[in-house]
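My plan is to go from the overall picture to single residues.

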Amino acid sequence: MIIGTAGHIDHGKTALVKALTGVDADRLPEEKRRGITIDLGFAPLSLEGVGTVGVIDVPGHEDFVRSMLVGASGIDLGLLVVAADEGVMPQTREHLLILELLRIPQVVVAVTKSDLVDGEWLELVRADLLALFNDSPLATPPVVSCSSRTGAGLDELRSVLAECLGNAKPRASADLFRMPIDRAFSVKGTGTVVTGTVWSGELPVEASVVVLPSGKTARARRIEQHGNSADIARAGGRAAIALAGLDVSDVSRGSVLVCADRWQPTSLFEAVVTLEPGTEVNLTPRTRLRLHAGASEVGARVVSPVGETLPGDPALVRVTTEAPLVLRGGDRFVLRLPAPLRTIGGGVVVDPYARRRSLPRHWGNKLNALSASSAARLGYQLEADAARGVRASDLAVRTGCSSAEVEQLVRQSGAHVGPHNLFTSVVVEEVMASVRRIVAEYEIKSPLAFGVPARTLREGLRVDEELGHCDPRDGAGRGNRVIWTAGTQNWLGAFPD
């Protein structure tokens, strides 16, 4: 499991991580010289009853919010750090907003430097902090006063963290492996090493992997988790993976490590987007944005069926990006304005493999379901791609359900299953009706003909091959073919070529 810090600059995040773990997360010479965190830092933390968890220390300066977004993605618990002598500050609010947009499951607030203020002031700070959560989608968090200098309150903080993580929902191991890469470097004698948080699935040593979006392939030569060699990189943990057959120049922050061919980079996807009410920004197709998803940051534009995306209410939109991303249904992302740099909202992916098509407006009253439910996302995709169908092998990625849940999801959807694609019952019935119409019209035009030529049916239907195609299993070798629909697999009759 992973804990990620959040909070304003100089509020004691790095000092708190060191006091808890004994590790100085500031590793760069520039960080040592300036006395501020610039990039992500990492440390293991042993918690009673939980085991060893990873801690990601993020920068608090407003110029490095992009690094904070990389660190906050994929964490199980957000540790919001607020200095008692300063209280709530601008980056406190922005970092909390990011935790909200990413729907981090749990948050704990640590009021650091509590030894610098008296009890009355400390209570005022606690009241201000709790007020931040009055209108927040996140639950009211536990607030722990502590001091990294004196050690006061650290044991209580460890206990609270252990209790929260002990109740956390474990990540599915029976799922597709995916690890967004936040660091890539070369080690003498080892070669290229990448690090990141394993979002889903498992990766054994010696497994073949693919780096997306580049498509470069490699082999997982060695795996370490929390500084110890491991046979398998498991979901919910930090991992350092040595890659054989890959140069360090072939991989960078923002790349994604996967080990299945079901993942595809995409520059066009559909999502439910919500802009913060106080942003006073109306998004048009011309508005340039910075989109943060996992460890990636790309330029993006948002297109809404009504032309503008307004603050406050969620909206179903199409998102185009300037560079390809590796996304999954249900993934959350954050939107920021490039100038001036500020966070304005975020969203959840509804269909990562969307095509250029009309957005169905009647889904506007089901946006909460689309954000939360893989079943709702499958229903949306089946309707949006009614004529083409939804490829069954893409379901785990497109809907966001685990690999183990795909069969049950298909069964519950009531979709008709073809050799490769799924179709709604409505479109199958429409094709059946079209076949009957074409046959009736042909009989009127050619009353003496025995059946309808297969070519006539193909040209008249103009649908996916699986919805209406010729199958030679009846009358094979006699010049006959059988027209049937993959959705219902009902035999309609034998027709000569």
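**Entry 1: the whole chain**

How many helices and strands does the protein have? I counted up its secondary structure and got 12 helices and 27 strands. Helices (H or I, at least four residues) and strands (E, at least two) are DSSP runs, numbered from the N terminus.

I noted the ground rules next. This is a predicted model, where local features need pLDDT of at least 70 and side-chain atom pairs count only at pLDDT 80 or more, while totals for chains, interfaces and linings use all residues. Residues are numbered from 1 along each chain as its sequence is written, and side-chain values use heavy atoms, with hydrogens and water left out.

I looked up burial. Of the 497 residues, 52% are buried. Buried means under 20% relative accessible area, exposed over 50%, and partly exposed in between (1.4 Å probe, protein chains only). The protein exposes about 22,200 Å², and carbon and sulfur atoms supply 48% of that area. Accessible areas come from the Shrake-Rupley method with a 1.4 Å probe; for residues, only the protein chains shown count as cover.

I then checked contacts (heavy atoms within 4.5 Å). Among contacts with a separation of 6 or more, 67% join residues 24 or more positions apart.

**Entry 2: a six-stranded sheet**

I traced an open sheet of 6 strands with mixed pairing, in the order β2-β3-β1-β4-β5-β6. Which strands stand at the edges? They are β2 (41-47) and β6 (143-145); each has a single partner strand, so one side of each lacks a neighbour in the sheet. From one strand to the next, the twist averages 25°. Two strands pair if DSSP finds at least two bridges between them.

Strands β1 (residues 2-6) and β4 (residues 77-83) run parallel and are joined by 4 bridges. G4 has G78 in β4 as its bridge partner.

Helix α6 packs on the sheet and touches β1, β2, β3 (51-57), β4, β5 (106-112) and β6. Its direction makes about 175° with that of β5. Axes are lines fitted to C-alpha atoms, for helices over the stretch in contact, and angles run from 0 to 180 degrees between N-to-C directions.

**Entry 3: helix α6**

I tested the length of α6 (residues 154-166). The expected span is 1.5 Å times one less than the number of residues. For 13 residues that should be 18 Å, and the end C-alpha atoms are 18 Å apart, which agrees. Its buried residues include L154, L157, V160, L161 and L165. An α-helix has 3.6 residues a turn, so residues three or four places apart point the same way.

**Entry 4**

I moved on to β19 (residues 315-325). It runs antiparallel to β16 (residues 266-275), with 7 bridges. V272 stands opposite L316. Strand β18 (residues 296-303) also pairs with β19 in the antiparallel sense, over 4 bridges. There, V303 stands opposite R318.

T321 lies in β19. Is T321 buried or exposed? T321 counts as buried, because its relative accessibility is 11%. A polar atom of its side chain lies 2.8 Å from the backbone oxygen of A323. Among the residues T321 touches are T266, F269 and V298.

**Entry 5: T192**

T192 lies in strand β8 (residues 191-197). At 4% relative accessibility, T192 counts as buried. A polar atom of its side chain lies 3.0 Å from the backbone nitrogen of V248. T192 also touches other residues, including F185, I241 and V251.

Methods: A polar contact is a pair of N or O atoms within 3.5 Å; within protein, one must be able to donate a hydrogen and the other to accept it, and residues adjacent in sequence count only if both atoms are side-chain atoms.
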